[in-house]
Amino acid sequence: MAGIIASATCLVSGPLLIPFLRRLKFGQHIRTDGPKGHLQKAGTPTMGGIMFFLSLTLGTLLVRGLTTEIAIMLLVTLGFGIIGFLDDFIKVVMKRPLGLKAREKLLGQIILAGLLAYAAMVNLGRGTEVLIPGTALSFSLSWLYIPFAIFVVVSASNAVNLTDGLDGLAAGVTLFSALAYLLITEAWGLVDLSVFSGALVGTCLGFLFFNIHPARVFMGDTGSLALGGAIGALAVVTKTELLLPLLGGIYVLETLSVIIQVISFRLTGKRVFRMSPLHHHFELSGWSEQSVVLVFWTGAALFASIAVAMVL
């Protein structure tokens, strides 16, 4: 039911939001050094992630109400989304291509992730234990848990942001990650988190109606940081931090491609990939955008399925 409400909210709000963004000229700027086929996307409305705020909130609250767990999850997700919104606003409206300064964006993410880690430890009683996936073992990080959790959430948010580069890619990949958490939380009896995960699945599904190729709207950093914050928060609150790299394997591959590219170019002056993140490498290798997205969706489904099988 949470998923249905969230999806329906996206489907209803999209036709209202997209023309509004177009009238305000909140169009996407396309990099000239990227795949040439993307130049035709210039001017497509961005900041469509705004609809996530309403769909995820309504889908969760109308089904479960405002419990402590849900309040924490929504605050973190919306908080990351607001950071993304500010970044998009500065880029699109104030015409500053770089948006928020990297240190400003990172500071906001660290503060939110730190508050989440503290709330999970104290308010939700999750403690400092970290579960080892596929086993009954765990270990305590003691005071190191907070920086560890911050790293997990901030990494997840920025990894989803890197994945958001093709029509339907980030929303589709996150759909499978959210579905994995829906199955895990349902099996473990974590009802509040199950409802939140269901709403997240519905949000991604509803947004894909407008974002599938050819996209009528982009989520922007508003959406990608919010989705990443939600996935990272689910990892922390469910104590599956070490499972997340497998569950979100596509995010990891996208991030690694950027890291490898930067290190290789700085040390040798040569690039390993035609372009990073990884999805652009395949595009420049001759794959169609739809083919890249379909393959990455398939990979996301496989990674999520393996992760679920390990813990259930």
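Me: Which residues have the most contacts inside the largest nonpolar core?
Reply: They are Leu116, Leu200, Val236, Leu244 and Leu247, in a core of 86 residues. H7 contributes the most to this core, namely 10 residues. A nonpolar core here is a set of buried Ala, Val, Leu, Ile, Met, Phe, Trp, Tyr and Cys residues joined through side-chain atoms within 4.5 Å. Buried means under 20% relative accessible area, exposed over 50% and partly exposed in between, with a 1.4 Å probe and protein chains only.
Me: What should I bear in mind about the model itself?
Reply: The model is predicted, so local features need pLDDT of at least 70 and side-chain atom pairs pLDDT 80 or more, whereas totals for chains, interfaces and linings use all residues. Numbering runs from 1 along each chain as its sequence is written, and side-chain values use heavy atoms, with hydrogens and water left out.
Me: What does leucine 200 touch?
Reply: Leaving aside residues up to four places away in sequence, leucine 200 touches Leu56, Ala178, Leu227, Ala230, Ile231 and Leu234. Contact means heavy atoms within 4.5 Å.
Me: And leucine 244, is that buried or exposed?
Reply: Leucine 244 is buried, at 10% relative accessibility, and it lies in helix H9. Helices (H or I, at least four residues) and strands (E, at least two) are DSSP runs numbered from the N terminus. Beyond residues up to four places away in sequence, leucine 244 touches Val152, Ala156, Tyr181, Ile231 and Ala235.
Me: Changing topic: how many aromatic pairs are there?
Reply: There are 6 aromatic pairs. In one of them, the ring centres of phenylalanine 52 and phenylalanine 207 are 5.0 Å apart with planes at 85 degrees, so this pair is edge-to-face. Rings of Phe, Tyr and Trp (its six-membered ring) pair if their centres lie within 6.5 Å; planes under 30 degrees apart are stacked, over 60 edge-to-face and the rest tilted.
Me: Where do phenylalanine 52 and phenylalanine 207 lie?
Reply: Phenylalanine 52 is in helix H2 (residues 50-64) and phenylalanine 207 in helix H7 (residues 191-211), so the pair ties together parts 155 residues apart in sequence. Phenylalanine 52 is buried at 4% relative accessible area, and phenylalanine 207 is buried at 0%.
Me: What kind of pair do tyrosine 145 and phenylalanine 148 form?
Reply: Their ring centres are 6.2 Å apart and their planes at 55 degrees, so the pair is tilted. Both residues belong to helix H5 (residues 145-163), 3 residues apart, or about one turn of the helix. Tyrosine 145 is buried, with a relative accessible area of 0%.
Me: Which rings form a cluster?
Reply: Phe282, Trp287 and Phe296 are linked into a cluster by ring pairs.
Me: Now the second largest pocket: which residues lie nearest its centre?
Reply: Of its 18 lining residues, Phe151, Ser155, Ala156, Pro245 and Val252 lie nearest the centre. H5, helix H9 (244-247) and helix H10 (249-268) are the elements that give two or more residues to this lining. H5 provides the largest share, 8 residues. On a 1 Å grid over the protein atoms alone, a pocket is an open set of points where a 1.4 Å probe fits, with protein on both sides within 12 Å along at least five of seven lines; lining residues have an atom within 4 Å of a point.
Me: Finally, where does histidine 281 lie?
Reply: Histidine 281 is in helix H11 (residues 278-284). The residue is buried, with a relative accessible area of 18%. Apart from residues up to four places away in sequence, histidine 281 touches Phe273, Arg274 and Met275.
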